[in-house]
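Please walk through this model in two steps.

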Protein chains: 2
Amino acid sequence: MAENLNNKENCNPNYNPLDPVFNVLQGKWKNQVLFEIIALKSARFGQLTRAIPKITNTMLSTTLRELEKDGLITRKQYNEIPLRVEYSITEKGKDLLPVYYEMYKWGIKYQKE
Amino acid sequence: MAENLNNKENCNPNYNPLDPVFNVLQGKWKNQVLFEIIALKSARFGQLTRAIPKITNTMLSTTLRELEKDGLITRKQYNEIPLRVEYSITEKGKDLLPVYYEMYKWGIKYQKE
DNA sequence: CGGCATCCTTTCTGATACTG
DNA sequence: CAGTATCAGAAAGGATGCCG
């Protein structure tokens, strides 16, 4: 796998299957938000702001839209009064769990001090 | 809300074993550099600049120092003329391969279009 | 309730020049 | 060869206010 990245002097942006994962998970809040939604199955905007105390409206909104654009979550709006919006995880989102699991094991192993 | 009784928003970031992985792999060049070093077993500074055409001295230098600080690579300097420096992967660095492998599988599965 | 618009601060990246 | 110093521009993150 490592060799895939090793074609020298190729100036084309050689396609790398790792890139989408990093792109999709980059950003200060991506994982926290995604994990909350996974954990809660389905979550509302306000629920997420409470679950992630330091996040601002702006960043939660941005993060949710990016996760949705990348197909990791879906947004469902109920036109009630007051407005209700539910975010839930997709298959594509759930399929990231093996990645997280390996990260988790690595994190545990090298948990330092 | 009677939050004046509960003035403290909780400041303890509940420890998450995923965080170190993301911290360690964040940055535009981390993975490319790490993968080159894995692929080449051991690599010199100039070798890396040639292998990663668009990287600048500044960014390569910064990236290498961070990877070293995080224990993913080691730096060995030979005081020859001209100076020679070899970067090589550590066990801790190699142990990230399962993470990359899962990312790779996900990337393949959801390779788009 | 669930946001978006605006403006501002901080962090990251990169071009250029120079050194042991 | 293998970097560091400096500075400027770009991008990411955040505070505040308003609206359907």
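**The surface near the DNA**

α4(A) gives the most to the surface near DNA strand C, with four residues. Helices (H or I, at least four residues) and strands (E, at least two) are DSSP runs, numbered from the N terminus, and a residue is near a molecule or strand if one of its heavy atoms lies within 4 Å of it. This is a predicted model, in which local features need pLDDT of at least 70 and side-chain atom pairs count only at pLDDT 80 or more, while totals for chains, interfaces and linings use all residues. Residues are numbered from 1 along each chain as its sequence is written, chains are lettered from A and ligands numbered from 1 in the order in which they are written, and side-chain values use heavy atoms, with hydrogens and water left out.

DNA strand C is surrounded by 18 residues, of which the closest are G46(A), S61(A), R75(A), Y87(A) and K28(B). Of the atoms of DNA strand C that come within 4 Å of the protein, 82% belong to sugar and phosphate.

Which part of the DNA does R44(A) approach? A polar side-chain atom of R44(A) lies 2.9 Å from a phosphate oxygen of DNA strand C.

**Where the chains meet**

Turn now to the two protein chains. In chain A, 38 residues are in contact (heavy atoms within 4.5 Å) with 40 residues of chain B. Together the chains bury about 3600 Å², 71% of it on carbon and sulfur atoms; buried area is the accessible area (1.4 Å probe) that two parts lose on being put together, summed over both.

There are two salt bridges between chain A and chain B, each a side-chain nitrogen of Lys or Arg within 4 Å of a carboxyl oxygen of Asp or Glu. K109(A) forms a salt bridge with D95(B), with the closest N and O atoms 2.9 Å apart. On the side of chain A that touches chain B, α1 (19–25), α2 (30–40), α5 (91–94) and α6 (97–109) each supply at least two residues. The largest share, ten residues, comes from α6(A).

Notes: Polar contact = N/O pair within 3.5 Å; in protein donor to acceptor, adjacent residues only side chain to side chain.
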